[in-house]
Amino acid sequence: MTLQRDSWVFVFGLLGNIISVMVFLAPLPTFYQIYKKKSTQGFQSVPYVVALLSAMLWIYYAIVKREHSFLLLTINSFGLVVESVYLAIFLVYASNKVRLSTFKLILLLNVFGFGTMLISTLCLTMGSKRLSIIGWICLVFNITVFASPLCIIRHVIKTKSVAYMPLSLSFFLSLNAIMWFFYGFLIKDYYIALPNTLGFVFGIVQMVMYLIYRNSTQVMVQEKPTKLREQNGHIIDVVKIIDTNQGDNSGVLPVSTICEDPNSEK
């Protein structure tokens, strides 16, 4: 029975790794644009700084946990490398003002924030208590990340358009949450399972919203962009949508996944 359970743990963990790799690599087109134009073009560094912090937290948790932590360690180590490369590219091509603000954010979250947590847990706690505190920090942090698509769901309902909520991305994020939920559930690690339950629920809600509003007749009018956080944590600009009540879908224009701030420095 234990052998069978361990086999399923490996299967779900391996599938979770594979899907997570795809999610981590999703911003590659964004950074190709940055490299091609030699400018960050108003892209935001916040999602990548947050993703890097998340990888750092889970790596620390996996090291302290030790048991059933190898697959958790592998994917977050991959994530740490990928997000570090993204940020390095971002810093190379960012304007001086944006580069300075990004350095400040990295120092605040990834150096001082993570460093304070690391030193505090190492010096003030030990054993199962240390693991519990780190686990709760990871759990709360991931719940806030998974809750970020709520703003997109609100705008989908308001505008009756799914132009900026790709079905494929919602599907893969939901599938990823399922893999890691069962991985956490089978090893009885609810710090992993619980936030992925929320991620799965939000993913299903997004897919339902897509099915409800996919045939809505909308025309996009270029107005002042509104910044939204996409499902995978990357920021996009969404132009306001006006319902023309016409039966022609040819007026629907796709919203770019490139975050472009009109007030940013070029």
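**Cysteines**

Select Cys123 first: this residue is exposed, with a relative accessible area of 60%, where exposed means over 50%, buried under 20% and partly exposed in between (1.4 Å probe, protein chains only). Next select Cys138, which is buried at 0% relative accessibility. The count of disulfides (pairs of cysteine sulfur atoms within 2.5 Å) is 0.

This is a predicted model, in which local features need pLDDT of at least 70 and side-chain atom pairs count only at pLDDT 80 or more, while totals for chains, interfaces and linings use all residues. Residues are numbered from 1 along each chain as its sequence is written, and side-chain values use heavy atoms, with hydrogens and water left out.

**Helical segments**

Colour residues 70-93, one of the ranges that the unreviewed UniProt entry lists as "transmembrane region"; such annotations may be inferred rather than shown by experiment. This stretch is 100% helix and 0% strand, its end C-alpha atoms lying 35 Å apart. Helices are DSSP runs (H or I, at least four residues), and strands are E runs of at least two.

**Nonpolar cores**

Now select Leu57, Tyr61, Leu72, Phe114, Tyr183 and Ile192, which touch the most other members of the largest nonpolar core, a set of 40 residues. Such a core joins buried Ala, Val, Leu, Ile, Met, Phe, Trp, Tyr and Cys residues through side-chain atoms within 4.5 Å. Helix H3 (46-65) supplies its largest share, 10 residues. A second, separate core of 6 residues includes Ile153, Val162, Met209 and Tyr213.
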